[in-house]
Amino acid sequence: MSGAEPRTFRSMFISDVHLGSKAAKAEFLIDFLRHHDADIIYLVGDIVDGWRLRRSWHWPQSHNDVVQKLLRKARKGASITYIAGNHDEFARQFQGVHFGGIVVADRAIHETADGKRLLVIHGDQFDTVVHNARWLAYLGDYAYDAAMLVNRVITRLRQVLGLPYWSFSSWAKVKVKKAVNFIGSFQTVLTEEARRLHVDGVICGHIHHAAIESYEDVQYINTGDWVESCTAVVEHFDGRMEILHWAHVLPETPVGSEVLVPIDIKGRAVQAA
């Protein structure tokens, strides 16, 4: 796709980039933003990882390039809303403030081309661990760092063996019963919040598990992340929503990055959008 015109959508939803962490796939997000555009862009929380930056400073040029790329899209006319998450909760004190054309909010209501009203929210507000046992959330964050370290080791080994990318942490999250139960509970709580607000659905992030599902009259959409799966959600001009997997854009791999070929939990390759 090198040199090709970017695919343009009505709206685009990206979350859980975790800039400031070593696990962030910033180079791949830059490629994604280079080849995909939208009139409306929502950054659905945890774009910057304040938790990790407080522990140790990590901000390579690629992370700065992501910020510059988004600011450039805003200057060109894209409407960009930054929804704060738990890792970038510092942004919640700036609700309503514009930074370079990007407005900060805690939540938003997005109206699709076909008239549906969707709640856009990070989702940490409905995570009882984050709110009731903050120490456990921080402990889980350290455990997640360890899982991502295992990820990097496995990725390098699979590269040497000529095998496609496989996410250990994604696999573990689906296989472990408690994690599956948590994902199911999270989806249920978010759809109930959408019903309470009398909207047609919810778009969120937080749990790093991309999905588009229907719960009777409510649509649940999760954008995934740019740490493990490298996914985003886009709205077509007819209102149709789609998950895009964007693990490897250019024929050559960005310098310092793994070749990410997304596969499902059974090890089968997933066709990139």
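**Close-up views of a predicted model**

View 1. His 98 has Val 103 as its bridge partner in β5. This is a predicted model, where local features need pLDDT of at least 70, side-chain atom pairs count only at pLDDT 80 or more, and totals for chains, interfaces and linings use all residues. Residues are numbered from 1 along each chain as its sequence is written, and side-chain values use heavy atoms, leaving out hydrogens and water. Strand β4 (residues 98–99) runs antiparallel to β5, joined by two bridges. Strands here are DSSP runs of E, at least two residues, and helices are runs of H or I, at least four residues, numbered from the N terminus; two strands pair if DSSP finds at least two bridges between them. The hairpin leaves two residues between β4 and β5, and Gly 100 in the turn shows a positive phi of about 60°.

**View 2. β5 alongside β3.** Strand β5 (residues 102–105) also pairs with strand β3 (residues 79–83), in the parallel sense and over four bridges. Look for Tyr 82, which sits opposite Val 104 in β5.

**View 3. Helix α1 against helix α3.** The axes of α1 (residues 26–35) and α3 (residues 61–75) come within 9 Å and cross at roughly 20°; axes are lines fitted to C-alpha atoms over the stretch in contact, with angles from 0 to 180 degrees between N-to-C directions. The two helices are therefore roughly parallel, a label for angles under 35 degrees. Contact means heavy atoms within 4.5 Å. Among the residues that meet are Leu 29, Ile 30 and Leu 33 in α1, and Val 66, Lys 69 and Leu 70 in α3.

Methods:
Angles under 35 degrees count as roughly parallel, over 145 as roughly antiparallel, 65 to 115 as roughly perpendicular and the rest as oblique.
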